[in-house]
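Subject: Structure for your files

Hello,

Here is the structure I said I would pass on. My notes on a few parts of it follow below.

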Amino acid sequence: MTAEPLQQDFSKAREFLNEAMKFHASGDLGPAEQYYVEVLKQSYRIPDILPLLAGVVGARGKYEAAIAYWNDLLRIRPDHPVALLEKGALHLKVGQAAEAVSCFEAATLGSPDNMLALNNLAVALTQANRQHDALEKFRALVQHQPSNVLAQHQLRRLTSRIVPFWHIPMLNDAPRNDAFEAAIAKAIADRGPDAQILDIGTGSGLLSMMAARAGAKHVVTCEVVPIIAETARKVVEQNGLSDRVVVVNKSSSELVVGRDMDCRADILVSEILSSDLLAEDVVETFEDAHKRLINADAIIIPRGATAVGCLVESEILSKYAFVDEVSGFDVSAFSSLAPNKLPIHGTMTEWKRLSHDIDLQTIDLTVPIHAGEYRVIDIPVTSNGMAAGIVQWLKIDLAEGIEFTNHPDDYSDGGWLQVLHPFPAPISVVQGSTFKVVVGHDRNSLIVMAAPRTG
């Protein structure tokens, strides 16, 4: 005779489970956890108990233990959607964004229509500093749920973080646009419509489309930010210029002649100058282009740029750059933490000129190599006052006879702002004297500061 298999007695386990659920329902989570653990020891309904235990442990703030229980369940059921979502949420709570992304990616893979999983994945990608991937997920979420206000808000918020605010005012800057177009048209007239054109920093694609409108047949433009490159392709297509303008979603340093562009460029167009001249890797970008991407006799637009400035006195600007006594307390030491540059609108801020305009630093973009440099210059003082610093703007040499400047006396509505380079503290200056200033650059940023006093 064959012996009958022994039936395991789970009566004790059921008693523990009843106690656990009773305490769980009353909100007494400590005893609930203990009884759930006893149920697990009996190997009773493990896939059902693990989510309850993980939930209780997580609610008690024992996040790592809760993650461990969710892992136990995932070893049994690797695609368990609740386990993946809950474990991902716990990873976010303990600051493990990359691990959270893995959980939510698995959840969306197993359930593509799960909008909660998609939303959580977008949030986790944002926290993992994968902004462009997060943007893609938020866009997909809004596409599935057009009335999801929170998703729309996060989409706009993330887009604003990725795309600098100055793109729109820059596009609406008619004097700047006209100056660039005149220089581009002049270059194409000189080199002919078959010239290979490289535009570094696509943005909206405006400068490339100007080149195509001037007759250019071969324009390659590169843009490193994926959503900007994608939008530029749409703009180019909407304007019927896709057959002449190719948008490449790469940094110029990643472009390869013979793959991304047929040959070295005859004309280089690039508008990556910042308000303070050098903040957008201008020097390294142009040096790399000279070395690998353009011909030795290529026309460069712009040919160069100069930071121009003057000494200024301003009570308003001083309050942004310096602090002394506040509410009866001396907090002047905090001025040492003030920024070394402040963007301003020249025509919208009250300030007094203490010197004439003076060229501070010029960058010749037609030369292949740039070394950092600095020097001390003397600025003649034209008025008595307390100098807060130097207000600086740009003068851009686009081509022979074509120049653009955002001089603060008559320019306030474009993408380029003026910049205040504040001194460590306001400095008294006297008409007829000279004021010594250190100017130059370290290849990455403009140097403008009061010269150290000696003696």
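A crossing of two helices is called left-handed if the near helix is turned anticlockwise from the far one by less than a right angle, and right-handed if clockwise. Please keep in mind that this is a predicted model.

The helix pair α2 and α3

That term applies to α2, which passes α3 in a left-handed crossing. Helix α2 covers residues 29–41 and helix α3 residues 46–59; their axes lie 9 Å apart, at a packing angle of about 155 degrees. Angles over 145 degrees count as roughly antiparallel, and α2 and α3 are therefore roughly antiparallel to each other. On the α2 side, the contact is made by Leu-29, Glu-33, Tyr-36, Val-37, Val-39 and Leu-40. These meet a set of residues in α3 that includes Ile-46, Ile-49, Leu-50, Leu-52 and Leu-53, and also Val-56, Val-57 and Ala-59. By class, the residues of this contact between α2 and α3 are 13 nonpolar, no polar and one charged.

Helix α5

Helix α5 runs over residues 81–93, 13 residues in total. From its first C-alpha to its last, α5 reaches 19 Å, close to the 18 Å expected at 1.5 Å a residue. Which residues of α5 are buried? They are Ala-83, Leu-84, Leu-85, Lys-87, Gly-88, Leu-90, His-91 and Leu-92.

Two single residues

Is Asp-288 buried or exposed? The cut-off for buried is under 20% relative accessible area, so Asp-288, at 16%, is buried. Asp-288 sits in helix α14, which spans residues 282–293. Not counting residues up to four places away in sequence, Asp-288 touches Ser-252, Ser-253 and Leu-293.

Pro-343 belongs to strand β9, residues 342–344. Exposed begins over 50%, so Pro-343 counts as exposed with its relative accessibility of 58%. Leaving aside neighbours within four places in sequence, Pro-343 is in contact with Leu-417, Gln-418 and Val-419. Pro-424 is 81 residues from Pro-343 along the chain, and the C-alpha atoms of the two are separated by 17 Å.

Regards

How values were computed
Residues are numbered from 1 along each chain as its sequence is written. This is a predicted model: local features need pLDDT of at least 70, side-chain atom pairs count only at pLDDT 80 or more; totals for chains, interfaces and linings use all residues. Side-chain values use heavy atoms; hydrogens and water are left out. Helices (H or I, at least four residues) and strands (E, at least two) are DSSP runs, numbered from the N terminus. The expected span of a helix is 1.5 Å times one less than its number of residues. Buried means under 20% relative accessible area, exposed over 50%, partly exposed in between (1.4 Å probe, protein chains only). Axes are lines fitted to C-alpha atoms, for helices over the stretch in contact, and angles run from 0 to 180 degrees between N-to-C directions. Angles under 35 degrees count as roughly parallel, over 145 as roughly antiparallel, 65 to 115 as roughly perpendicular and the rest as oblique. Contact means heavy atoms within 4.5 Å. Ala, Val, Leu, Ile, Met, Phe, Trp, Tyr, Cys and Pro count as nonpolar, Asp, Glu, Lys and Arg as charged, and the others, Gly among them, as polar.
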